[in-house]
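Thank you for making time for this today. I would like to take you through one model, chain by chain, and then turn to the places where the chains meet.

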Amino acid sequence: MTTLLERLSQDRRQLLMDRSVSGRVGATLPESDVPHQPLPEEGLLRDTLDFPEVSENELVRYLSQLSQLNFSIDHNFYPLGSCTMKYNPKVDDEIASMPGFAEIHPLQPDATVQGALRLMWELQQRLIEITGMQGCSLAPMAGADGEFAGILMARAYHQDRGNTQRNKVLIPDSAHGTNPATANMCGFEVVTLPSDANGNTDLEALRFSVGDDLAGLMITLPSTLGLFDSNILEVVRVVRDAGGIVYGDGANLNALLGRVKLGDLGFDVMHSNLHKTFTQPHGGGGPGAGPVIVGERLLPYMPTPVVNRSADNDGNLIYTLKAPPQTVGRMGAFHGNFGALVRAYAYICTLGDQGIANISHDAVINANYILSRLKGYYDLPYDRSCMHEVVFSARNLKREHGISALDVAKRLIDYGIHPPTMYFPLIVEEALMVEPTETESKETLDGFIEVMRAIAQEAQDAPDLLHNAPHDTPNTRLDEARAARRPYLRWQPED
Amino acid sequence: MTPENLKYSQEHEWVRMESDGVAVVGITEFAAESLGDVVFVELPAVGDALEQFEKMGEIESVKAVSDLYSPVSGTVSRRNDELLDAPELVNDSPYDSGWMLHVELSGDGELDKLMSHTEYQAMIEAQN
Amino acid sequence: MLDTIGVDSVDELFADKQQQHRNPTLDLPPPMSECDLKRYFGELATMNKTPGEYACFLGAGSYRHHIPAIVRQLTSRSEFMTAYTPYQPEISQGTLQTEFEFQTLCAQLTGMDVANAGMYDGSTSLAEAVLMASRVTRRTRVAVLDSVSPAYISVLRTYAEPPGITVDVVSADNPELNEDTACLVAQQPNFLGYIQDMQAIADRAHDAGALFVVYADALSMAMFTPPGDCGADIVASEGQALGVPPTFGGPYVGIFACKQSYIRQMPGRIVGRTVDSQGRTAYVLTLQTREQHIRRERATSNICTSVALIALMSTVYMAANGRHGMRRAAELTYQKAHYLASLIGGIPGYSVVDGGVFFQEFAVQCPMPPSTLNERLLEYKIIGGLDISEQLQNGMLICATEVNTREEIDAFAAALAEIGTTV
């Protein structure tokens, strides 16, 4: 028997199609103000559209209630490693929704969108300055899309020189899965590079792997272990000497802002996850933006378009969309995720020169503070100071109390904290990757540390509390095997 | 828990010889347990030729995917299509209803390259 | 905090970094206050000629439609807006359930079995459809009708050629396919706005053992027979028309739908229904072994976003309009476009291309280069159609939707007539 209370809580989860009542509509449309135009023959038209019929009020209440089942940055500390979940200034949302940005059509002539193009040009310049590179294309629509653009440029560079035998891309074993997936999409063979005992690139293995077939290296700096590779200059030298392109995955750019420029280290190309480093409200998983920023060797190959600035005869500055001479092509139908670019540029303007350098300062201190205060409670696979994020391991808890990283993560939810990234990087057993970001206060970090210590204690005293966590969420742990074995991917009428 | 009458490969596949000379192939309970909840199995089609120790398919759990390697050479004569709808059989009954293929052997002496039950048992204990 | 960490200054934490490259100069402007920021960006925004203030007749992949107020209101809720990818399903049911709703609505709109949670945009969704067709058929050529948007063909080349797929642009009148053709790609309505006989094209594809991939305009599917009823195997679409402002081209959301049998070859995020440990219905990211974080170089794609916030905008738009509102929005759009075409057809010097039935846009041959015409139209506070003189001499692709008032349309026709007489 389900109680009334239980039934009501299930009703709140009813899908739109189950809420549908014939004749209801949640939006109004005007009557036609033009003379009636004859419709095409019936045979071309759709019989029915099986869509829900719900009122505006009901739709608002349904989605508002659903929204409250989420954790979010505005409600919870969200130290999700590798995702840089910093607080997003509200003014940037307001700016991005200005009609002069939100309503302009992507195919308007350049002369009618000078404000938008100037904004893009200025953002290109800022990104070039921050990374020490020479050119920038804002076209890629996400970090992985930026990776794809970057590796396409490496491919074009080698093809232009007749070096089609260069078919291997080196990728450290700590890399995000997007790196090998990207290299494969570009038609390259992936060679995995091991990390050494300190979490740096294994130089012996690198030297052994480079040769005439080397296309390039994809490397994340700092690495996904939250560590700055102290061999990096040597790594870059070895790859460049062998004729390879050095690609920097900018996922962890937050740690480097104002501290070091990848261009100065000899990188040929990098992407920046604007939605991480330069804020974007993340939206439940996108949109983002993944501009590529390149050094001299790859300038001709940038994806199209790039915003160009010139002066007309009267000395007025004119901004135009241009295709680089040997471009690798179009990443999407238009010019990139402009709305995301507006937010990122507004954020950069707010921070200015000093603010940008403070980001890495505060992000690195915050992560090291957590490292110092949780060391001893959780295993630290690489016992050295970290950059903007710290990777712990729950292997001690697993061994001694049968508590996994997953259990720790789920128990954090009971304390109102979003779990860290789990089981990544793959080379760390029972990994828990914590990235506090620079926007969190010492008080928030202290609260997190207290909770993490309490959970380590609970692992000893009351392991079931962790195994069964979370306890007070709208759903307890899910049967993910069932979801994958019998995929049920849309509403169906027999429900 | 590991049946004594089977032969085993390094990659945790088992082979059972039927009286009609057909080899039945599956994965061991140890492999199924290490994978966790099996959610999908991709197997070769009936009629496909297999090479001993070469890739013959894939097996997926919720968050991992592993290659399956054929323990013998030969031609697939039957496939356990029940696994398409109920991949959990691999977890629930790895040596019985969780079988994967029937193979008509083409190679000679290949069974000698496989491990006995005692050898396999020793290998997984060493791995543990 | 430095004491706790055990260092005297933050520089010690950065000591790893190669000395000569540490703390470079950063040549950036000083910080802006919120007040300055709004003023500066306000100035940039007003430098643009903005549709709304200007009558706008551009389409070609990005369309202006009325967006109900609840779209922005609901998608601005910070619970949706400031959450990340729903990796922890127990605290992400809001995002997961709305993504499941999106998948349902997209599957029903396209007439297909299933849809994923969203791609970057319509053009990359189409590119991924082609990559998937190649995986499914294990063939390495793709035939694209020459009536598909040149911009989409160009995106297709970017993504398809590097992994070794050859893109053949074939005649829409008589598409040539061979035994290597993985799929035939058509656009509905085609680039010039006209409705084609999809079933006939589907048969050509299937006769050659190839899949039929359709890029379909999103709103048109509420009115015209959807691709799922005309033999499509994979459907890509641009979700922008459904509740998303044009925003100078992005962010948008790509719709990706296909037949049930291909789900394990799909790219992108997919949400599935399951139960929790207490037997209650719940939603979770599923079939994740396809994805880059597990399968790495063998993943179906490197994509890791589903552009969830934009997908949510489209979800709210589709749900609010519902069964009848969607059809009405489409028919109103049809009415406005056809009224405009009837006016332009009567102006001396202009001719509307007779390409059959069209939905919201159509091609016009103008008495002068469209770039010149468009420049003159600005004086009338009108942003004209797209210059397609590369495809059609003095050709302009013109679009009208339900947001274009009769006044705007009449003024546009009058301006075309007036400028036309000056040739």
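This is a predicted model: local features need pLDDT of at least 70, side-chain atom pairs count only at pLDDT 80 or more; totals for chains, interfaces and linings use all residues.

Let me begin with chain A, which contains 17 helices and 12 strands. Laid along its principal axes, the C-alpha atoms of chain A fill a box of roughly 75 × 70 × 45 Å. If we take the contacts in chain A with a separation of 6 or more, 73% of them are between residues 24 or more positions apart.

Chain A is also divided into two domains, with domain 1 covering 91-350 and domain 2 covering 360-472. Their centres, taken over C-alpha atoms, are separated by 31 Å. How many residues of each domain are in contact with the other? On the side of domain 1 of chain A there are 18, and they meet 14 residues of domain 2 of chain A. Sorted by class, the domain 1 side of that contact divides into 7 nonpolar, 9 polar and 2 charged residues.

Now to chain C, where there are 13 helices and 15 strands. The C-alpha trace of chain C spans about 85 × 60 × 50 Å along its principal axes. With 423 residues, a compact globule would come out near 22 Å in radius of gyration, and the 24 Å of chain C agrees with that. Among the 423 residues of chain C, 63% count as buried, and residues 24 or more positions apart supply 72% of the contacts in chain C with a separation of 6 or more.

The part of chain C that I would like you to look at is an open sheet of 7 strands, in the order E2-E8-E7-E6-E5-E3-E4, with mixed pairing. Which strands stand at the edges of this sheet? They are strand E2 (114-115) and strand E4 (166-170) of chain C, each of which has a single partner strand, so one side of each is left without a neighbour in the sheet. For E2(C), the pairing with strand E8 (residues 254-258) of chain C is antiparallel and runs over 2 bridges, and within it C:Ala115 stands opposite C:Ala257. Elsewhere on the sheet, helix H9 (residues 198-207) of chain C lies across strand E5 (181-188) and strand E6 (211-216), running at about 170° to E5(C).

Chain B comes next, and here I will stay with its strands. Strand E1 (residues 7-8) and strand E2 (residues 13-17) of chain B pair in the antiparallel sense over 2 bridges, with B:Tyr8 having B:Trp14 as its bridge partner. The hairpin formed by E1(B) and E2(B) has 4 residues between the strands, and in it B:His12 takes a positive phi near 70°. E2(B) is then joined by 5 bridges to strand E3 (residues 22-27) of chain B, again running antiparallel, and B:Met17 stands opposite B:Ala23 there. In this second hairpin, which has 4 residues between E2(B) and E3(B), B:Gly21 takes a positive phi near 85°.

Further along chain B there is an open sheet of 3 strands, ordered E4-E6-E7 and paired antiparallel. Its edge strands are E4 (38-42) and E7 (64-69) of chain B, each of which pairs on one side only, and the twist averages 20° from one strand to the next. E4(B) pairs with strand E6 (residues 55-61) of chain B over 4 bridges, and in that pairing B:Val41 stands opposite B:Ile59.

Finally, the contacts between chains. Between chain A and chain C, the contact takes 155 residues from chain A and 159 residues from chain C. Which element gives the most to the chain A side? That is helix H12 (residues 338-374) of chain A, with 20 residues. By class, the chain A side of this contact has 81 nonpolar, 48 polar and 26 charged residues.

Between chain A and chain B, 4 residues of chain A are in contact with 6 residues of chain B. The chain A side here has 2 nonpolar and 2 charged residues, with no polar ones.

Notes: Residues are numbered from 1 along each chain as its sequence is written. Chains are lettered from A and ligands numbered from 1 in the order in which they are written. The radius of gyration is taken over C-alpha atoms; the globule rule is 2.2 Å times the number of residues to the power 0.38. A residue is buried if 20 or more other C-beta atoms lie within 10 Å of its own, exposed if 12 or fewer, and partly exposed in between; C-beta atoms are placed from the backbone. Two residues are in contact if their C-beta atoms, placed from the backbone, lie within 7 Å. Two strands pair if DSSP finds at least two bridges between them. Axes are lines fitted to C-alpha atoms, for helices over the stretch in contact, and angles run from 0 to 180 degrees between N-to-C directions. Ala, Val, Leu, Ile, Met, Phe, Trp, Tyr, Cys and Pro count as nonpolar, Asp, Glu, Lys and Arg as charged, and the others, Gly among them, as polar. Domain bounds come from an automatic or database domain assignment.
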